[in-house]
Amino acid sequence: MKIKLDIDSFNKGLEALKKEYKILAPVLEPFKGTFSDTDLIKYGEINSFEEIEFNKKSNFSPKEIILPISQTLFYFTEKEYKESDIDDKKILVFLRACDLHGVKRIDEIYLNNGNEKDYFYERLRDKVKFVLIGCSQSFRNCFCVSMGSNKCEEYNMGLNIRDNQIYLDIKDDSLKVFEGENTEFEVDYVKENTISVEIPENLNPIVVAKDPLWDEYDQRCIACGRCNFVCPTCTCFTMQDIYYKENENVGERRRVWASCQVDGYTDMAGGHSFRQKQGERMRFKVMHKIHDFNKRFGYHMCVGCGRCDDVCPQYISFSSCIDKVNDLVNKEEK
């Protein structure tokens, strides 16, 4: 069902959906950005069209909705444990094509990466439906076209905004609460980015891993992990057992986001640690995004959203790093 409606009619539809769904979208929080005079755009609960930030790229991806930063899995005592409860309400998320492709990659890791699906991820993921926000222009540092994540068809509802009119492509029957005029349109998508990259197909991981191109990141990277935390496809976590002060035999087990770029991530018993240098960690991250994941699942992990470039305090560019790898491979082939 494809319809055109005004903002008031759209808000009435949102009000109807709120009875069943918790609705989340990019929202602008004034003066909460990196600096005191900058704004922050992150995902939050909304009640109306006017609260959604459509004109700027969100600083954070929506992955924390389906993969919480800190997630209690179960509570335990000396003799028993209890699975954590979750809200029965369904979730509706407004997001762009690159982030919807990011969800697909997280699904691969938690649902298709072995014989057993991740139960705690699946029970939350099954509650979520997606509204694709049409994206007609490229933002700063985006290279989604190169990564093939500029367009997506696996949405429950698609949305365009033109001349204060909202165009909806509703594929899910449960979302057909909006009233408007029938029309025909296609959800907008970016056709060209300012930045483009080319990922080499004949990449030899041994040759690339041994090249000194990674050495510069030993000095540049400060191991803050920001690139991982804003990335829509980074999925690494650590487990924490929290013991209550009132009774040290009672507590909870949590799954908490982790970063392959920070100190301690690869620590082992006996004081050993893999990838102690920042260049080694950068190599691990880059190769996973453009080689290892593709080798297993058949497509690249990176979706080209450019958030890692946006957030890096040292101005390290992921797309530039891909170019360096490509130059190295081309040089080896010659």
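This report covers salt bridges, a charged patch, strand pairing and backbone angles in a predicted model.

## Basis

The model is predicted: local features need pLDDT of at least 70, side-chain atom pairs count only at pLDDT 80 or more, and totals for chains, interfaces and linings use all residues. Residues are numbered from 1 along each chain as its sequence is written, and side-chain values use heavy atoms, with hydrogens and water left out.

## Salt bridges between separate elements

A salt bridge is a side-chain nitrogen of Lys or Arg within 4 Å of a carboxyl oxygen of Asp or Glu. By this rule there are 20 salt bridges. One of them joins the side chains of Asp99 and Arg307, at 2.8 Å from N to O. Asp99 belongs to helix 3 (residues 97–111) and Arg307 to helix 10 (residues 307–311), so this pair links distant parts of the chain, 208 residues apart. Helices (H or I, at least four residues) and strands (E, at least two) are DSSP runs, numbered from the N terminus. Both Asp99 and Arg307 are buried; buried means under 20% relative accessible area, exposed over 50%, and partly exposed in between (1.4 Å probe, protein chains only).

Asp188 and Arg162 form another salt bridge, with 2.7 Å between the closest N and O atoms. Because Asp188 lies in the loop between strand 10 (181–182) and helix 6 (205–210) and Arg162 in strand 8 (residues 157–162), the pair ties together parts that are 26 residues apart in sequence. Asp188 is partly exposed at a relative accessible area of 22%, and Arg162 is partly exposed at 33%.

Glu216 and Arg220 form a salt bridge with the closest N and O atoms 3.0 Å apart. Both residues lie in helix 7 (residues 216–220), separated by 4 residues, about one turn of the helix. Glu216 has a relative accessible area of 29% and is partly exposed; Arg220, at 28%, is also partly exposed.

A network of salt bridges links Lys57, Arg140 and Asp310.

## Negative patch

Asp6, Asp8, Glu50 and Glu51 form a negative surface patch. Patches are made of residues with over 30% relative accessible area and no salt bridge, like charges being joined within 9 Å and nonpolar side chains (Val, Leu, Ile, Met, Phe, Trp, Tyr) within 5 Å. Asp6 is part of strand 1 (residues 2–6) and is partly exposed, at 35% relative accessibility.

## Strand pairing

Two strands pair if DSSP finds at least two bridges between them. Strand 1 and strand 9 run antiparallel and are joined by 5 bridges, with Gln165 in strand 9 as the bridge partner of Asp6. Strand 9 (residues 165–170) is mostly covered, 5 of its 6 residues being buried.

Strand 9 also pairs with strand 8, in the antiparallel sense, over 6 bridges. Met157 stands opposite Ile170 of strand 9. The hairpin of strand 8 and strand 9 has 2 residues between the strands, and Asp163 takes a positive phi near 50 degrees there.

## Positive phi in loops

Most residues other than glycine have a negative phi. Phe31, which is not a glycine, has a positive phi of about 60 degrees. Phe31 lies in the loop between strand 2 (21–29) and strand 3 (40–45) and is exposed, with a relative accessible area of 58%.

Ala223 likewise has a positive phi, near 60 degrees. The loop between helix 7 and helix 8 (226–230) contains Ala223, and this residue is buried, with a relative accessible area of 14%.

Key:
Accessible areas come from the Shrake-Rupley method with a 1.4 Å probe; for residues, only the protein chains shown count as cover. Lys and Arg count as positive and Asp and Glu as negative; His and the chain ends are not counted. The place of a charge is taken as NZ of Lys, CZ of Arg, CG of Asp or CD of Glu.
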